[in-house]
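Colleague: I have some questions about the terms used for this model. Please set each one against its definition.

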Amino acid sequence: MDSDSEITVLIIDEHPEVCGLLARGLEALPGFRVLDHTTNPLLAAELAHQYSPQIIVTDFKRSGTFRGSALRW
């Protein structure tokens with residue numbers, strides 16, 4: 001599959017282990033390319049703007065700093 005037909009993904013989660021697991025799992029599937037992953041919601045906003053992924057996978061908590069930062073961007 002060429003890179004033009006791949007589905008591009010950005011992963012954002014406060015747990016680095018989750019980011020890594022999701023990235024490896026998606027990369028193992030044909031047709032998916034993980035552009036990057038991060039635990040930092042503000043960096044994620046920059047990466048989303050830079051890469052323009054087709055899909056952003058994230059986990060917003062009901063409360064706490066992560067949710068607040070993510071909602072701002």
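Colleague: Which residue in S2 is the bridge partner of isoleucine 7?

Modeller: Phenylalanine 32 in S2 is the bridge partner of isoleucine 7. This is a predicted model, where local features need pLDDT of at least 70, side-chain atom pairs count only at pLDDT 80 or more, and totals for chains, interfaces and linings use all residues. Residues are numbered from 1 along each chain as its sequence is written, and side-chain values use heavy atoms, without hydrogens and water.

Colleague: What makes S1 and S2 a pair in the parallel sense?

Modeller: Two strands pair if DSSP finds at least two bridges between them. S1 and S2 have 6 bridges in the parallel sense, so they meet the definition. Strands here are DSSP runs of E with at least two residues, and helices are runs of H or I with at least four, numbered from the N terminus.

Colleague: Why are S2 and S3 said to stand at the edges?

Modeller: The open sheet has the order S2-S1-S3. Strand S2 (32–38) and strand S3 (55–58) each have a single partner strand, so one side of each is left without a neighbour in the sheet.

Colleague: What makes Val9, Ile11, Cys19, Ala23, Leu26 and Val34 a nonpolar core?

Modeller: A nonpolar core is a set of buried Ala, Val, Leu, Ile, Met, Phe, Trp, Tyr and Cys residues joined through side-chain atoms within 4.5 Å; buried means under 20% relative accessible area, exposed over 50%, partly exposed in between (1.4 Å probe, protein chains only). Those 6 residues form the largest such core. H1 gives the most to this core, with 3 residues.
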